[in-house]
Amino acid sequence: MNTPRHRGSGRPALTRTDGAPLRVLVVDDDPDLAEVLSGALRYEGWEVRTAGDGVAALAEARALLPDAVVLDVMLPDTDGFAVLRSLHAVRPDVCVLFLTARDAVEDRIAGITAGGDDYVTKPFSLEEVVARLRGLLRRAGMARQPGDGEDGPRLTVGDLVMDEEAREVTRAGELIELSPTEFELLRLLMRNPRRVLSKAQILDRVWSYDFGGQAHVVELYISYLRKKVDAGRPPMIHTVRGAGYVLKPVAR
């Protein structure tokens with residue numbers, strides 16, 4: 001059986017879980033950039049709307065109820081972080097990809113800690129934005145492509161259990177709340193128990209795109225996972241200095 005692919009992109013078609021087109025809102029005060037981005041996303045078969053400032057972004061979000069938002073950090077009437085807080089009131093589980101001209105690590109981390117899921121730094125390629133969005137939407141469980149769901153639904157390492165179908169994680173029977181990216185990172189570790197994974201391998205497998213050596217994002221999310229998975233418990237997530245990270249059941 002042939003896997004459906006989108007109009008010459010070479011990638012499998014990505015839709016909402018009910019088969020409908022994914023909905024994406026692009027927020028940028030540069031109308032030319034917004035139009036180019038919108039064209040690339042429509043080429044994926046997605047429904048796309050644009051906004052040039054924070055007020056328009058919220059109005060469009062209420063009308064569209066987007067699955068993902070491509071959001072510029074610097075807007076004429078506010079900043080993207082303030083818009084993100086308001087967006088979450090409209091669509092709590094929306095995926096957010098920040099666009100920023102800033103190259104400082106502190107600004108990138110600020111976007112993620114504010115509730116954003118990922119970021120790209122200007123200038124960027126359209127292929128990069130599409131790849132990041134596809135990865136975000138799949139990690140969040142908002143999108144599917146042919147062949148999804150073929151893996152077993154449950155992973156178990158020690159007292160840590162992941163139900164991939166329900167997207168639930170428990171440790172010793174206690175539910176652990178994870179963001180979409182944290183869930184995908186933990187899933188990678190649980191599918192490779194006792195195996196050391198390098199930062200480069202994690203970037204490639206979890207983010208589905210080369211971050212150009214920006215391995216600090218892996219360190220950041222590993223620290224998030226440790227606070228949730230290992231907090232108050234014997235640690236399962238270990239750093240192997242100079243090599244990467246490994247998940248191991250607690251020795252009894």
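The face of helix 1 that is turned away from its buried side carries the exposed residues Pro31, Asp32 and Glu35, where exposed denotes over 50% relative accessible area, buried under 20% and partly exposed the range in between, with a 1.4 Å probe and protein chains only. The structure is a predicted model, in which local features need pLDDT of at least 70 and side-chain atom pairs count only at pLDDT 80 or more, whereas totals for chains, interfaces and linings use all residues. Residues are numbered from 1 along each chain as its sequence is written, and side-chain values use heavy atoms, with hydrogens and water left out.

Of the 252 residues of the protein, 48% count as buried. The protein exposes about 11,900 Å², of which carbon and sulfur atoms supply 50%; these accessible areas come from the Shrake-Rupley method with a 1.4 Å probe, and for residues only the protein chains shown count as cover. When contacts (heavy atoms within 4.5 Å) are taken between residues at least 6 apart in sequence, 61% of them join residues at least 24 apart.

Helix 1, which spans residues 31-43, has 13 residues and reaches 18 Å from its first C-alpha to its last, close to the 18 Å expected at 1.5 Å a residue, the expected span being 1.5 Å times one less than the number of residues. Its buried residues are Leu33, Ala34, Leu37, Ser38, Ala40 and Leu41. Seen down the axis of helix 1, these buried residues fall within an arc of 160°, so they line one face of the helix; the arc is that of the directions from the helix axis to the C-beta atoms. The buried residues of helix 1 pack against strand 2 (23-27), strand 3 (47-51), strand 4 (68-72), strand 5 and helix 5 (126-139).

In the loop between helix 1 and strand 3 lies tryptophan 46, which is buried, with a relative accessible area of 4%. When residues up to four places away in sequence are not counted, tryptophan 46 touches Leu14, Pro21, Leu22, Val24, Leu41, Leu133, Arg134 and Leu137. The C-alpha atoms of tryptophan 46 and valine 24 are separated by 7.1 Å, although the two residues are 22 residues apart along the chain.

In helix 3, the buried residues are Gly80, Phe81, Val83, Leu84 and Leu87. Seen down the axis of helix 3, they fall within an arc of 150°, so they line one face of the helix, while the face turned away from this buried side carries the exposed residues Arg85 and Ala89.

Aromatic pairs were counted for rings of Phe, Tyr and Trp (its six-membered ring) with centres within 6.5 Å, planes under 30 degrees apart counting as stacked, over 60 as edge-to-face and the rest as tilted. By this rule the count comes to 2 aromatic pairs. Phenylalanine 81 and phenylalanine 98 form an edge-to-face pair, with 5.3 Å from centre to centre and 75° between the planes. Since phenylalanine 81 lies in helix 3 (residues 80-90) and phenylalanine 98 in strand 5 (residues 95-100), the pair ties together parts that are 17 residues apart in sequence. Both phenylalanine 81 and phenylalanine 98 are buried. The rings of tyrosine 221 and tyrosine 224 have their centres 5.2 Å apart and their planes at 80°, so this pair is edge-to-face. Tyrosine 221 and tyrosine 224 both lie in helix 8 (residues 216-230), 3 residues apart, which is about one turn of the helix. Tyrosine 221 is buried, with a relative accessible area of 4%, and tyrosine 224 is buried, with a value of 18%.

A ring also takes part in another arrangement, in which the charged end of arginine 167 sits over the ring of phenylalanine 183, 4.2 Å from its centre; the criterion is that NZ of Lys or CZ of Arg is within 6 Å of the ring centre and within 35 degrees of the ring normal.

Some backbone features occur in loops. A cis peptide bond, with omega of about -5°, joins lysine 122 and proline 123, and proline 123 lies in the loop between strand 6 (118-121) and helix 5. Alanine 172 has a positive phi of about 55° although it is not a glycine; alanine 172 is found in the loop between strand 10 (168-171) and strand 11 (174-176) and is exposed, with a relative accessible area of 59%.

Key
Helices (H or I, at least four residues) and strands (E, at least two) are DSSP runs, numbered from the N terminus.
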